[in-house]
Structures are given as structure tokens and as C-alpha cells.
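Biologist: Please take a close look at one part of this model for me, and describe how that part sits among its surroundings. I would be glad of the cut-offs as you go.

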Amino acid sequence: MNTAAIKQLRRKFIFVAMISLFLTMLFISVTINIANYNTSKMMIRGVMDHIIENDGEMDLEHDHYNNYLKGGIGFVDVFSPHYGRYQYYSCIFDKSGNIVKSINRIENSEIDDSTYQDYAKRVMENDKIFVRYGNYYFMKGETSEHQPIVVILDAASEIAAMMRVLYQTILICIFGIAITFIFVLVFSKKLIQPEIENAKRQKQFITNASHELKTPLAVIRANVETEEMLNGETELSRSTIKQIEHMNGLIQNLVMIAKADEREDKRVMSKEDATKLVAESVEPFQPVVTQEHLHLNVNLEEDVYILADGSKIRQLVTILLDNAIKYCDDEGLIKVELTSVKKGKGMILKISNTYAEGASVDYRRFFDRFYRQDKAHNIDQGGYGIGLSIAESICKQHLGTIKAEWSNGEISFICKIL
């Protein structure tokens, strides 16, 4: 894993951690506020029930009231009605709907008695028993003498308390998320530093090991060629030369991987004409396709533009076309298709080839480095099992995706880059 991939993994970790924290705090905050709202509403309704049962008056001798004044509220009492310091207005009606008695327990009210009584009459005409309007709750019922009664409760303090809890939980969530983000940002940077150093040492090791292996291989090759000059070419000498060439190719590919990772850390993006890049990359393969007795079908949408490294896109097309030629059926068809993701922006590159035996192949491992599928990927056909891995790396560098799929006798590699 190179430096860019490690940093990208760090960004993903930070994103997942912050989303998880946000959802957890959101759940806690919503739960607290819903519980607080329901408890407050239950307490308000309980107080209004008490006033109705007491014929429009609050019983100041009630145990809950005394406990409230003494501060003796226990855990269970928190969820029970508190009958202290409530302001209310009660209207008792006769059977004809006329107010026969009103009780005003609202101090310093800006609303006069006639307005309260008008509100009470409207509630009597309403089908609802318990309603809220602004800072007031309205409830109708019957007195102990079965007279209709409407209680108007000033719940401004309770509503203010609910809003206070709401705003406090919002502020706590914001500050909590901000502080956590700073901690995660700082500590995640320290945590990935050893991995970055390991990645650098790994690339240095590959480069040094590749350099050291070239010398003994050159000596072995020289010795074998000298032996052939003295005693003639033999099957053993041909096999040795072939293995030396294979080892040299493998070393070159190891160096290519290290350099690809290094270039990924220093990539430069610019606006590129994807149609032109793909067309220029396909053209050199025309003679190869003809020589292999294959058929090539190219269908490119005009004026497709992407933000990319042009050389990388050419390398991507070259890898996929080279792979398609190697593993295409005899006298088969290779198709290159390019379309835009949206109105000329972004590209979807699809390179397919006929591959009759592909139904039983595990395509999920095609992008693993040095992976070979027994029937389709073998040494006789060339390659070292890293081409598709590099293709996947190129797509990831451009924040894109690549996938392999098989359908109706064709294997397709589909790249999507925005």
C-alpha cells in the first residue's frame, strides 16, 4: 500500500468515525428530547386533569405539591405531575353552554378575562379534548357535578424548559463532534505515520532487491550462452535461458509496481479529451489484432472529457487491450466502447472480448497482484499477473472503479471515471 492509499484510508476512517459519532449523538439527542417532551406533556396533562377533578382549582394540600415545595422529588416523581407554581384559568359552563363560573389564577397576564372566556368557548365547540396554542394548553372535561369545564394552562415555563434542553443538546452535539474531529484528525495522523514509513521502506527494498538480482541473472545468462557456444544449444540451456528471461521480466514488473506507487503519490490531473486518448491508444493495436486473426470493433462517443492524468489513461487502455488480445478466443471479437457519464463529463470505458470458457472463472480475484487463473492466465500466454492490478490502481487514483464480468460468451472490463 502506497502513501496515497494510506492517506485515503485515513480519510475514510475519519469519515466513518465522524458519521458513526454523529448518528450516535443524533440518536441520543432525539431520544432525550422526545422523552423530555412526552414527560412534560404528560405532567401538563396530569396537572390539568387534577384541576378539572378539583372543580377548576388546584389542591394546594396535595402531596405532590408539598413534595415539590420541599424539594423532595424522587426518581419516580420526576415522571409524575408537579402541582406547584402553575398558572391557569378555569371556566365552568352550564348545560346550555353559558359560563357560570370562572377562576383566574394567572398573574400579570396581558390577556383579559373576556379573551380567556372566548378561548374557552371555542374549545367547547372543538371536538378535541386536549389542544395547544402557543404557550397555552386547553383541556375540557366535567366537574364533580358533571358540569362542562375548560381549563387553560399557561405552560410558558415548561415549554421554555423543553426548548432549553433542545438547544443544549444541539450545542453539546456540535461541540462534541468538533472536539472529537480534532482529536481523530491529530491522532490518526500519528497512527498512520509508521505505515507511511513502512511503505517507503518497502518500495526501497523492491528497488534495491531488483537491482541486486539483475547481476547474478546476467552472470548466469552469460555462462549459459558461453556453454552453448562451446558445446552447442541443448534443451537444458534453452530452458535455462527461458527461465532467466522470465525472471528478468518479473524483476522489471516489480520495479514497475514500485514506480507506479511512487507516481501515484505525485500525480497531476488536468482536463483531458478521453475520446482522443482512447483512440490514440487503440490505434497501435490494429496491426496486432490483424496478425492474431482477431476482429476489433471500436465505438467511441465524441467529446468525452475527464479530469485525469493523460498518460495514465493511455496506460489503462493499453493494459486492458493487451489483456483482451491475449485471452480472446481464436478468431474472436474485441470491442472497445466509450461513453460519457453525464453530458460529456466523466467516462465509462468498456473493453470486451469473446471468451467462451469464462463462465466458471472467479472474476473477483482478477485484480489481485500476481494472480493467475489456471486456464486463462498461464505463463505460456505471457504476462505476470500484475496488469489488471495496475489498471485497478489507475482507476482508484482517478476516484473511479473497475469491474470484470462475463455474459453471453464475452468477458468485459468496465472502467468508470468521473
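Modeller: Among contacts (heavy atoms within 4.5 Å) in the protein between residues at least 6 apart in sequence, 67% join residues at least 24 apart. This is a predicted model, in which local features need pLDDT of at least 70 and side-chain atom pairs count only at pLDDT 80 or more, while totals for chains, interfaces and linings use all residues. Residues are numbered from 1 along each chain as its sequence is written, and side-chain values use heavy atoms, with hydrogens and water left out.

The protein has nine helices and 12 strands, taken as DSSP runs (H or I of at least four residues for helices, E of at least two for strands) and numbered from the N terminus. Of its 418 residues, 37% count as buried; that means under 20% relative accessible area, with exposed over 50% and partly exposed in between, for a 1.4 Å probe and protein chains only.

The part I have picked is helix 8, residues 310-326. Its 17 residues should span 24 Å at 1.5 Å a residue, and the end C-alpha atoms are 25 Å apart, which agrees. The expected span is 1.5 Å times one less than the number of residues. The buried residues of helix 8 are Gly310, Lys312, Ile313, Leu316, Val317, Ile319, Leu320, Leu321, Asn323, Ala324 and Ile325.

Two of these names return in the largest nonpolar core, where Leu316, Leu320, Met347 and Leu349 touch the most other members out of 43 residues. Such a core is a set of buried Ala, Val, Leu, Ile, Met, Phe, Trp, Tyr and Cys residues joined through side-chain atoms within 4.5 Å. Elements giving two or more residues to this core include helix 6 (274-282), strand 9 (333-342), strand 10 (345-354) and helix 9 (387-397). Helix 8 supplies the largest share, eight residues. Apart from this core lies another, of 19 residues, with Met43, Met58, Phe130 and Tyr137 among them.

Next comes the packing of helix 6 on helix 8. Their axes are 9 Å apart and meet at an angle of about 45°. That makes helix 6 oblique to helix 8. Axes here are lines fitted to C-alpha atoms, over the stretch in contact for helices, and angles run from 0 to 180 degrees between N-to-C directions. Under 35 degrees counts as roughly parallel, over 145 as roughly antiparallel, 65 to 115 as roughly perpendicular, and the rest as oblique. From helix 6, Leu277, Val278, Glu280, Ser281 and Val282 make the contact, and from helix 8 the partners are Gly310, Ile313, Arg314, Val317 and Leu321. The crossing of helix 6 and helix 8 is right-handed, that is, the near helix is turned clockwise from the far one by less than a right angle.

Helix 9, another contributor to the core, is mostly covered, with eight of its 11 residues buried. These are Leu388, Ser389, Ile390, Ala391, Ser393, Ile394, Cys395 and Gln397. After helix 9 comes leucine 399, with a positive phi near 55°.
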